[in-house]
Amino acid sequence: MNKLDKKEIRKMKNLKRLMSLIVAVAMLMSFNMSVTQAAVFDDVPDNHKYAEAINLLSGLGIITGYGNGVFKPDHTVTRAEAATIIVRTLGLDDGVEMNDTIFADVDEKHWASGYINVAVENGIINGFPEGTFLPDDYVTYEQIVKMVVCAIGHDVKADGLGGYPDGFIRAASDAKVTKGIAG
């Protein structure tokens with residue numbers, strides 16, 4: 001195995017760990033974020049059960065809250081937020097711009113249109129058969145697992161295991177992405 005292969009393997013393992021953290025936080029709690037950046041969240045006290053995870057993900061720029069110091073830790077994650085979190089986690093957010101998307105229900109004015117476009121371009125999401133994305137609907141366990149499996153490049157394996165949703169859940173389990181998470 002050459003140096004590049006070892007470096008890529010280490011990078012993938014780190015990505016899996018980070019994605020596991022994100023999935024764990026998303027599955028165990030609800031939260032919201034927007035395009036504005038907040039360094040401190042007034043509604044997340046130090047003793048909040050997810051304060052450490054929220055602070056870590058905020059410090060990494062993966063989640064940003066509502067702005068004005070508000071995070072809303074009890075708010076449920078939407079599909080647009082989940083796509084945004086994954087795009088930011090993968091470091092694909094440089095130059096993200098609000099644009100029209102391929103989805104009838106996500107126009108260029110939607111705060112996450114650029115993130116949704118990047119997620120589509122990278123095979124992380126594909127929306128629904130009728131051409132919608134439903135950006136403001138809450139993301140389900142199966143949907144976030146599918147996004148994460150696609151993000152770490154295990155989608156072909158997942159398709160071979162039966163496709164959505166069971167094949168993706170199994171692929172995530174095999175990759176230890178959902179270890180310790182109840183779906």
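## Surface and burial

Buried residues (under 20% relative accessible area, 1.4 Å probe, protein chains only) make up 46% of the 183 residues.

This is a predicted model, so local features need pLDDT of at least 70 and side-chain atom pairs pLDDT 80 or more, while totals for chains, interfaces and linings use all residues. Residues are numbered from 1 along each chain as its sequence is written, and side-chain values use heavy atoms, with hydrogens and water left out.

## Helices

You'll find seven helices and zero strands here. Helices are DSSP runs of H or I with at least four residues, strands runs of E with at least two, numbered from the N terminus.

## Two cores

A nonpolar core is a set of buried Ala, Val, Leu, Ile, Met, Phe, Trp, Tyr and Cys residues joined through side-chain atoms within 4.5 Å. The largest one has 33 residues, with Ile-116, Ile-125 and Met-147 making the most contacts inside it. Helices α3, α4, α5 and α7 each give two or more residues to this core, and the largest share, eight residues, comes from α5.

A second, separate core of 10 residues includes Val-44, Tyr-50, Leu-57 and Ile-63.

## A buried charge

Glu-81 sits in helix α3. Glu-81 is buried yet has no salt bridge, and the nearest side chain of opposite charge, Lys-72, is 9.1 Å away. Lys and Arg count as positive, Asp and Glu as negative, with His and the chain ends not counted; a salt bridge puts a side-chain nitrogen of Lys or Arg within 4 Å of a carboxyl oxygen of Asp or Glu.

Methods: Buried < 20%, exposed > 50% of the residue type's maximum accessible area, 1.4 Å probe, protein only.
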